[in-house]
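Biologist: Could you take me through this model? I would like to begin with the sheet and then turn to the helices.

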Amino acid sequence: MGAVSSRLPVFPWDKLEPYKATAAAHPGGIVDLSVGTPVDPVPELVQKALTAASDSPGYPTVWGTPELRDAITGWCERRLGARGMTHQGVLPVVGSKELVAWLPTQLGLGPGDTVAYPRLAYPTYEVGARLARAEYVAYDDPTELDPAGLKLLWLNSPSNPTGRVLSKDELTRTVAWARAHGVLLISDECYLELGWEAEPVSVLHPDVCGGSHEGIVAVHSLSKRSNLAGYRAAFLAGDPAVLGELLQIRKHGGMMTPAPVQAATIAALGDDTHVTEQRARYAARRTALREALLGHGFRIEHSEASLYLWATRDEDCWSTVAHLAERGILVAPGDFYGPAGDRFVRVAFTATDERVSEAVRRLG
């Protein structure tokens with residue numbers, strides 16, 4: 001156990017526990033805006049699909065049913081503008097966090113190989129490199145990285161935690177750079193359907209990739225768009241050569257999406273109405289919290305997409321966490337996402353309308 005723990009950083013959320021206790025002691029109860037976990041109901045048509053498939057006694061396949069692959073390819077073409085999608089270019093996975101954490105290992109990376117990710121980023125990119133015993137490096141501009149030994153380049157647009165959206169030109173330039181240097185590019189696009197002040201673009205869009213998916217893979221999740229975090233429903237789309245190799249590895253590892261979840265995913269990807277309705281809920285919460293934070297003396301940077309506001313009072317992030325905890329509001333310190341975030345906090349708007357209204361009242 002000691003060897004494993006020495007390879008990994010301290011689990012960041014454990015450090016937030018004392019502040020959570022302070023916030024929970026507030027007379028009006030805690031308003032937890034620290035984690036981007038859905039709180040609204042799972043869409044009814046998705047629940048019905050899950051229930052209808054509940055009598056699934058046999059093993060599911062790692063690749064998923066043909067109907068699931070049809071649903072994924074159809075969604076990629078309709079929503080991402082991707083062209084020429086085939087079943088060989090998609091792969092269901094058991095939630096996107098599992099994929100991020102184990103992808104370097106599954107790709108065979110190890111000592112001497114390097115994984116790169118944004119300077120401000122989801123901590124699991126680093127964890128994945130550590131689990132594989134690979135090297136890792138954070139970047140500001142991926143095209144300025146040293147390509148020697150670089151095997152895996154993570155993009156994340158819209159960004160967690162900042163909500164920043166990479167432009168089509170930035171994506172195109174990075175795809176071209178990665179291909180020129182033989183670096184596999186994986187684009188985490190789990191917040192793509194949650195653009196507010198910008199329209200996120202996928203690396204699979206022909207204007208970005210030139211109509212070819214060679215050397216690129218996009219990661220998508222139903223956790224945010226469809227309130228399915230509890231279902232662990234996600235998928236990869238992109239280079240068939242990369243996904244074919246991963247399919248074989250995941251078969252050996254028994255990494256199968258449960259059959260009822262596959263059925264639920266088909267229903268969710270085939271319906272845009274529930275996504276529009278959920279976006280409207282988040283838009284209202286975002287507007288309310290944004291105005292309240294600005295009125296309370298915060299400055300908000302980026303945040304043009306995703307489920308978070310990247311906010312600062314120009315002080316150490318833990319001082320801000322403490323300040324808000326005294327008001328019964330829990331947020332995530334920016335340094336969870338890298339040292340460059342040490343003067344920011346990430347404020348999620350994935351709380352109920354009632355809790356968001358209470359946060360607004362306390363900030364006022």
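This is a predicted model: local features need pLDDT of at least 70, side-chain atom pairs count only at pLDDT 80 or more; totals for chains, interfaces and linings use all residues.

Modeller: Residues are numbered from 1 along each chain as its sequence is written, and side-chain values use heavy atoms, with hydrogens and water left out.

Biologist: In what order do the 7 strands lie in the open sheet?

Modeller: The order is 2-8-7-6-5-3-4, with mixed pairing. Strands (E, at least two residues) and helices (H or I, at least four) are DSSP runs, numbered from the N terminus. Two strands pair if DSSP finds at least two bridges between them.

Biologist: Which strands stand at the edges?

Modeller: Strand 2 (90–93) and strand 4 (135–139) do; each has a single partner strand, so one side of each is left without a neighbour in the sheet.

Biologist: How many bridges join strand 7 and strand 8?

Modeller: Strand 7 (residues 216–221) and strand 8 (residues 234–238) pair over 5 bridges in the antiparallel sense. Val217 has Gly238 of strand 8 as its bridge partner.

Biologist: Now the helices: at what angle do the axes of helix 5 and helix 9 cross?

Modeller: The axes of helix 5 (residues 96–106) and helix 9 (residues 240–253) cross at roughly 100 degrees and come within 11 Å. Helix 5 is therefore roughly perpendicular to helix 9 (65 to 115 degrees). Axes are lines fitted to C-alpha atoms, for helices over the stretch in contact, and angles run from 0 to 180 degrees between N-to-C directions.

Biologist: Which residues make the contact?

Modeller: Glu98, Leu99, Leu103 and Gln106 of helix 5 meet Leu246, Ile249 and Arg250 of helix 9, where contact means heavy atoms within 4.5 Å.

How values were computed:
Angles under 35 degrees count as roughly parallel, over 145 as roughly antiparallel, 65 to 115 as roughly perpendicular and the rest as oblique.
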